[in-house]
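Dear colleague,

I am handing over the structure below, together with some notes on what turned up when I went through it. Please look it over before reading on.

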Amino acid sequence: MTKPTALMLLAFGLSVAVLACGGSSPPPTSTGADTPTTTASRAVTASPRSSLPVGIACGEERWPVKTLSDQDAAQVNFTPVESSVAELRDLAPPPSLPPSSRIAPTELTVFTLTAQVVEMKLEEDRDIHLVIAEPSGPSARMITEFPDADQCSGAVASAHAAEMRTARAALVAAFGQPSSSQFTHLTGTATLAGVGFFDFLHGQTGVAPNGIELHPVIGFTLLSVGAVPPPPPPTPNAAPETRTGCDPAYPTVCIPSPPPDLDCKDLPYRRFTVLPPDPHRFDGDHDGVGCES
């Protein structure tokens with residue numbers, strides 16, 4: 001048997017010393033940045049998916065396109081193109097409507113236009129359905145839609161949710177919360193901006209013959225409150241409060257409740273009956289007669 005040399009004994013002694021210190025090899029060298037970078041990468045990978053808003057299910061047909069949450073939304077050009085209700089109604093309708101992709105060029109374009117506001121209603125899908133008309137020809141109408149980007153799936157996660165919320169808030173500030181049971185008649189003109197959209201024709205109130213809409217609306221500015229239209233033909237024995245869109249404080253004429261707040265200069269009526277509480281304050285001297293001069 002070979003006797004251990006001094007060199008072999010030295011090597012054996014070093015090995016025992018290392019084992020006694022708790023490890024057989026030194027820890028890997030760290031640059032000081034490896035571990036934080038790995039942790040950050042994992043966080044970035046996981047957090048966007050877990051933090052995206054989801055919302056509730058609101059609509060169905062072409063819902064991703066309606067809410068700017070479809071695969072083509074990033075291709076929409078948000079530099080507005082000036083147009084009008086009449087021009088948009090003249091566009092050729094597409095032969096088919098894909099459920100989750102866009103129809104170029106119309107559905108890749110943001111249009112801005114000035115129009116008369118006609119009536120609005122809160123729909124079952126939580127959109128505010130606003131009918132607008134060509135100022136020079138009010139019989140030419142089309143639909144614009146204001147999604148609920150606070151609650152509804154698709155809209156809440158859209159990159160343009162903030163614009164949708166701002167436009168909807170401006171509409172509500174101008175005319176109040178819409179009814180969910182009937183259309184509220186409106187007066188005035190506004191400028192709107194929204195993405196072109198073709199909808200299925202299914203008898204919607206105010207629908208254009210080609211199904212064109214602004215959907216979603218991403219900008220709304222009330223320009224003026226127009227003259228209140230003449231009252232509808234009277235219904236025999238009808239109580240004032242049953243007249244659609246007419247405030248019962250003005251039983252002999254049809255004037256909508258505020259907002260907006262109207263002045264006598266906005267009306268075609270003079271010397272009409274005013275009952276309390278007179279929300280528009282037409283009866284300044286409280287004699288029961290409004291807009292006497």
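How many aromatic pairs does the count come to? The count comes to four aromatic pairs, and please bear in mind throughout that this is a predicted model.

One of these pairs is formed by Y250 and F282, whose rings are tilted, at 5.3 Å centre to centre and with 55° between the planes. Y250 lies in the loop between strand 7 (212-224) and strand 8 (272-273), while F282 lies in the loop between strand 8 and strand 9 (289-290), so this pair ties together parts that are 32 residues apart in sequence. Y250 and F282 are both buried.

F282 also pairs with F272, and here the arrangement is edge-to-face, at 5.7 Å centre to centre and with 85° between the planes. This second pair links F272 in strand 8 with F282 in the loop between strand 8 and strand 9, ten residues apart. Taken together, Y250, F272 and F282 form one aromatic cluster.

Among the contacts in the chain with a separation of 6 or more, 65% are between residues 24 or more positions apart. The accessible surface of the chain comes to about 16200 Å², and 59% of that surface belongs to carbon and sulfur atoms.

Key
Residues are numbered from 1 along each chain as its sequence is written. This is a predicted model: local features need pLDDT of at least 70, side-chain atom pairs count only at pLDDT 80 or more; totals for chains, interfaces and linings use all residues. Side-chain values use heavy atoms; hydrogens and water are left out. Rings of Phe, Tyr and Trp (its six-membered ring) pair if their centres lie within 6.5 Å; planes under 30 degrees apart count as stacked, over 60 as edge-to-face and the rest as tilted. Helices (H or I, at least four residues) and strands (E, at least two) are DSSP runs, numbered from the N terminus. Buried means under 20% relative accessible area, exposed over 50%, partly exposed in between (1.4 Å probe, protein chains only). Contact means heavy atoms within 4.5 Å. Accessible areas come from the Shrake-Rupley method with a 1.4 Å probe; for residues, only the protein chains shown count as cover.
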